[in-house]
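Hi everyone, thanks for coming.

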Amino acid sequence: MTRLFKTFSSTALMAALWFGGATSAVAQCTDLIRGEENEPDIEASSCYTGSRAVAIISEQPDVLARRAAQNFGIEATQNTDADLGGYSGPLWATLSGRWSTRDDADLDLGIATIGSDIFVGETTILGVMLQNDFSFQDGPTGNSYDATGYMLGVYGIVQSGPLNFDARLLAGQSKTDVSGGGNRADDVESTRWLATVQMSGQNQFDNGNFLVPHISVGWFEDEMDAYTLGFTNVAEEKVSYGQADIGGTLLIPVTLGATDGNLLLAASGIKGFGADGDDQIPDDLRGRVDLGLELFRADAWSVSGKIFADGLGQDEYEAFGADFGVMLWF
């Protein structure tokens, strides 16, 4: 299983390098590390777990948005009655990549997710997903962190009139190799869990375009075991990070030959929160924009790709990244 997870991680990172990258900065990280009362190894570990938490919750695949985009696009281009019950369940996979810098601490993250659905009634979907992440960070103290992790869980989608609801619950573990000062600690374990809830609506304009407003809230906890690096005992490290997102996506139907699709233009405001605000996480209000394209054939397949810019309007945090998704309908 570990070999499978590492394979998923490497694939995600390579695919993300193809589509784009990301950079983020949180100035407080180095301020903490250079504080006279703080142990560099301990604070470097805190910076890493915080940066990884923000990256993982920010790069979660949006299954609801991809399904909604296909539904709305088919309705607009083929003038059919589209709803979630009109399709058989898909096998889907996503790959995403993110490059971030927390002051001088550089973090690379790749995520690969695979999942599948079953229908319960005409408007309710239940599914399972397996997610694998790979991260590497060089810290300003010279410490580095090389980790592979996974999360496994369930999700559900419910359509109620013009509204769609999406919720997921995932849990898993990771192992991190820590290096610094010529010392090394291998396979430092951590446990993590994530929960998200999202609601979206739909509004069709006279020109056939759709506006899909959304609001979502997510929470991620990651607890790394204590370890020893040289003569330094690094205590158990726990990060708790929440993120609220409100915004909308404009879907512009397009046709390429015999293939239908949508041009995706999205904007949202994001607010981070948690017990570690100002220390490990960016908790100020920030903006995000996405640009993407989805192509599909009804009851056959769907592919999508997008790029994003995060941290708009905030000096302490900025990010850029990309993801790629595939759905196979059966």
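Here's something to start us off: are glutamate 59 and arginine 98 buried or exposed? Both of them are buried. Keep in mind that this is a predicted model.

So what's going on with that pair? Glutamate 59 makes a salt bridge with arginine 98, and their closest N and O atoms sit 2.7 Å apart. The two come from distant parts of the chain, 39 residues apart. Glutamate 59 is in the loop between helix H3 (40-58) and helix H4 (63-78), while arginine 98 belongs to strand S1 (residues 90-102).

Okay, next pair. Lysine 238 has a salt bridge with glutamate 221, with 3.5 Å between the closest N and O atoms. This one also links distant parts of the chain: lysine 238 is in strand S11 (residues 237-256), and glutamate 221 is in strand S8 (residues 210-224), 17 residues away. Glutamate 221 has a relative accessible area of 17%, so it counts as buried, under the 20% cut-off. Lysine 238 comes in at 41%, so that residue is partly exposed.

Now back to our opening pair. Through salt bridges with shared partners, Glu59, Arg98, Arg286 and Asp310 are joined into one network. How many salt bridges are there by this rule? The count is 11. Another example is aspartate 177 with arginine 184, at 3.3 Å between the closest N and O atoms.

Last stop, glutamine 204. You'll find it in strand S7 (residues 203-204). Glutamine 204 is 47 residues from leucine 251 in sequence, and their C-alpha atoms are 9.4 Å apart in space.

How values were computed:
Residues are numbered from 1 along each chain as its sequence is written. This is a predicted model: local features need pLDDT of at least 70, side-chain atom pairs count only at pLDDT 80 or more; totals for chains, interfaces and linings use all residues. Side-chain values use heavy atoms; hydrogens and water are left out. Helices (H or I, at least four residues) and strands (E, at least two) are DSSP runs, numbered from the N terminus. A salt bridge is a side-chain nitrogen of Lys or Arg within 4 Å of a carboxyl oxygen of Asp or Glu. Buried means under 20% relative accessible area, exposed over 50%, partly exposed in between (1.4 Å probe, protein chains only).
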